[in-house]
Amino acid sequence: MDGRAATTEAHLRAMAERLDELAPMITARIRAEVPDYAVLPVVEHLHDVDSQIKGVVDGLLARQPPPAEAIERARKVGRRRAARNLPLPSVVEAYHIAYRELWNELLGRAQAEGPEQAGALVGEVALLWNWFHRLSATVAESHTEETRLRATTRAALQRRFVGMLRGSSRGAEEQGALARQLGFDPDEEFVLARADEIPETRVEELDNRLAEVAGTVQCSWDAGSVVVMAQGCSDTDLLDAVHAVISDARVAVGLPRRGVDGARLSLLDADDALLRSRAVGADVRFADDWLLATLGASSHRLEALLSRGAGVARANPALAATVQAFADGRSSVTSCARILQIHPNSAKYRLDRWRALTGWDPQTFPGLVSSLVCLGLFAPSEARASAAEDCSPARRTNGTSVPT
């Protein structure tokens, strides 16, 4: 062994004797420079760093590349980091920091004996880099595999949980256990939502975005739309997160309800609200639009009762606007006229004409409810939108003119 090699070996042996000091120092440096590592218990982190740098120093002393056991150890570290939800770039950066600190330690020892001694380390650069390249590549590979496996497993659990909510054939104990596996508290409030206009290929992206929202929020693909499950998350945050990924998505949000049975009901809320969302082309909260959302789910049964009124509304949007304004004006003809900027007599005439054509008197509770449900479920949205602006002097209705 020549003098340079002997000097280098001496430096490496001195490093090996200082592992008890180096491992905590490198661990602390990683945690200071990579904030994501705060989720990793210090004891676990220190153990892994200690094992890693001991293997590297032993390998440098033996002049050998990473053996199979070192590769397998790195593979296990990658899986554990993925299980802790540590981002892969942060994990790789931690390896680079360890490489840097070991090299700086070795270089500092050599330079302490004189600048010319640093030249003896040239031959160590390639071997040291080979160790960290192989280890970090292995960690990245196993981290990616574990992350993909966990995502696939969680997606399967999510679909199973939604299926159990829809089927109700499983016991409460099994449903609660599945909720816990997904990170939910089965005894707390759930909010379920459904989102339209989101391609299945972007569900993973949406799931990652929802993971950033306060609380526990996850999503899965179900029956042509996305089901979002949330705890500890506000409606506003949930809607903002979905629209951040798909700006033109339509989201239907169920009521917050407690427990797994509540989650089932919240999903039913979201199902009904989704039909309403599709009808109006906008987000719908069941809490805000529960009547039409609930009745909309039975619209096929109500059509025979309400279709005549829908036809009158399409032919006479001014009458439809007057009924809506009458309701908005707290059943006051005067307020109705003010909203539409017409004479009260004209408003009264239109309400009477609506009653004559539909059989529903909007100045009575049953007649007003029937009218509003009809307009909400069956009147075309474009007619409702333009009707409030309609101030023309006459409208056709079943072949006759309706003066204002």
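**Cavities in the model**

Analyst: Starting with the second largest cavity: helix H5 gives the most to its lining, with three residues. Bear in mind that this is a predicted model.

User: Which residues line the second largest cavity?

Analyst: Met15, Val57, Leu60, Leu102, Trp103, Leu106 and Leu128 line it. The elements that give two or more residues to that lining are H3 and H5.

User: How many polar or charged residues are in that lining?

Analyst: No polar and no charged ones; the lining of the second largest cavity has seven nonpolar residues.

User: And what space lies in it?

Analyst: The second largest cavity holds about 40 Å³.

User: OK, the largest one. Which residues lie nearest its centre?

Analyst: Asp48, Val49, Gln52, Val77 and Tyr95. They belong to a lining of 18 residues.

User: Which elements give two or more residues to that lining?

Analyst: Four helices are listed for the largest cavity:
- H3, residues 42-62
- H4, residues 68-83
- H5, residues 88-112
- H6, residues 122-167

User: Which one gives the most?

Analyst: H3, with six residues in the lining of the largest cavity. For the second largest cavity, H5 gives the most.

User: What's the lining of the largest cavity like by class?

Analyst: It has 12 nonpolar, three polar and three charged residues. The lining of the second largest cavity, by contrast, has no charged residues.

Note on methods:
Residues are numbered from 1 along each chain as its sequence is written. This is a predicted model: local features need pLDDT of at least 70, side-chain atom pairs count only at pLDDT 80 or more; totals for chains, interfaces and linings use all residues. Side-chain values use heavy atoms; hydrogens and water are left out. On a 1 Å grid over the protein atoms alone, a cavity is a set of points where a 1.4 Å probe fits but cannot get out, and a pocket is an open set with protein on both sides within 12 Å along at least five of seven lines; lining residues have an atom within 4 Å of a point. Ala, Val, Leu, Ile, Met, Phe, Trp, Tyr, Cys and Pro count as nonpolar, Asp, Glu, Lys and Arg as charged, and the others, Gly among them, as polar. Grid points are joined across faces, edges and corners, and a volume is the space filled by probe spheres set on the points.
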